[in-house]
Amino acid sequence: MTGILAEPFFQRALLAGLAIASVAGPVGCFIVWRRMAYFGETLAHSGLFGVGLGLLLGFSLTLGAAASAVAVALLLVLLRNQRALATDTLLGILSHGSLALGIFTVGLVTGAAGDHLDLLFGDILTVSWQDVSVVWAGAAAVLLVLGLLWRDLIAISVHEELAEAEGIRVKRVELGFVILIALMTAVAMKIVGLLLITALLVIPAAAARRLAGSPEAMALAAAGLACAAVVMGLFLSAYANAVTGPAIVLSAALLFILTLLRPQAN
């Protein structure tokens, strides 16, 4: 174990993974409370189209993923008020449509979308020190904004109509939150991949729900469980020669199963 910890690539992977985990936990709590898992998945899928545009036009893949995810987030907020289609139907169309468009665009650039499977499933072991700096800066920014929105998000999650009656600008807070999810998706792209980021958001938060009795305690527990999943997944990847992104998600799922063995907190 000491040997692998001394490797620079493992140290970089660990630092980057812990940064994402510390954000995924608290953000994931609101996704669980507000039943927005499919919403998060849609934003993750949309990020691949931005990656394709980045490859096609020659700009940052992270910037492309962030831009496309934010654009889809804004579109979803605007379309939520329409009555022609149910929200889950609309999410299904946008989720799979944007994923297919992303794979198609990446394929146009590389000749085969399989050349960039790391974008779908993550490749945390290849992150550079620059990547680590970007991830930590992004994570700090997301946590700062989440802290500013915390009380309003709690109020909206408990009772949206009552929160609006108390003067909270519900639409503005919701918009800020979905943009947070979009930005986190882009930052986490290289860590666990676009297809697995929703799992890292939802699973630790769902596990923490059984361990904590208050929103703040649940957010801390979710962050802790997400960090534990990253550490477990990295060691599993190193010693079992497994793909790292799925190994992290499987570790999170194992932790969730273990929480089922204890009584749920009141």
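## Terms and model

Rings of Phe, Tyr and Trp (its six-membered ring) pair if their centres lie within 6.5 Å; planes under 30 degrees apart count as stacked, over 60 as edge-to-face and the rest as tilted. The model is predicted, so local features need pLDDT of at least 70 and side-chain atom pairs pLDDT 80 or more, while totals for chains, interfaces and linings use all residues. Residues are numbered from 1 along each chain as its sequence is written, and side-chain values use heavy atoms, without hydrogens and water.

## Aromatic pairs

Five aromatic pairs are present in the structure. One of them, Phe10 with Phe235, is tilted, at 5.2 Å centre to centre and 55° between the planes. Phe10 belongs to helix 2 and Phe235 to helix 11 (residues 215-240), so this pair ties together parts 225 residues apart in sequence. Helices here are DSSP runs (H or I, at least four residues), numbered from the N terminus. Both Phe10 and Phe235 are buried (under 20% relative accessible area, 1.4 Å probe, protein chains only).

Phe30 and Trp150 pair edge-to-face, because their ring centres are 5.0 Å apart and their planes lie at 80°. Phe30 has a relative accessible area of 0% and Trp150 one of 15%, which counts as buried. One aromatic cluster is formed by Phe30, Trp33, Trp150 and Phe177.

## Nonpolar cores

A nonpolar core is a set of buried Ala, Val, Leu, Ile, Met, Phe, Trp, Tyr and Cys residues joined through side-chain atoms within 4.5 Å. The largest has 77 residues, and those with the most contacts inside it include Ile20, Phe177 and Ile191. Helix 2 (residues 8-33) supplies the largest share of this core, 13 residues. A second, separate core of nine residues includes Leu48 and Met189.

Notes. Buried < 20%, exposed > 50% of the residue type's maximum accessible area, 1.4 Å probe, protein only. Helix = DSSP H or I, 4+ residues; strand = E, 2+ residues; numbered from the N terminus.
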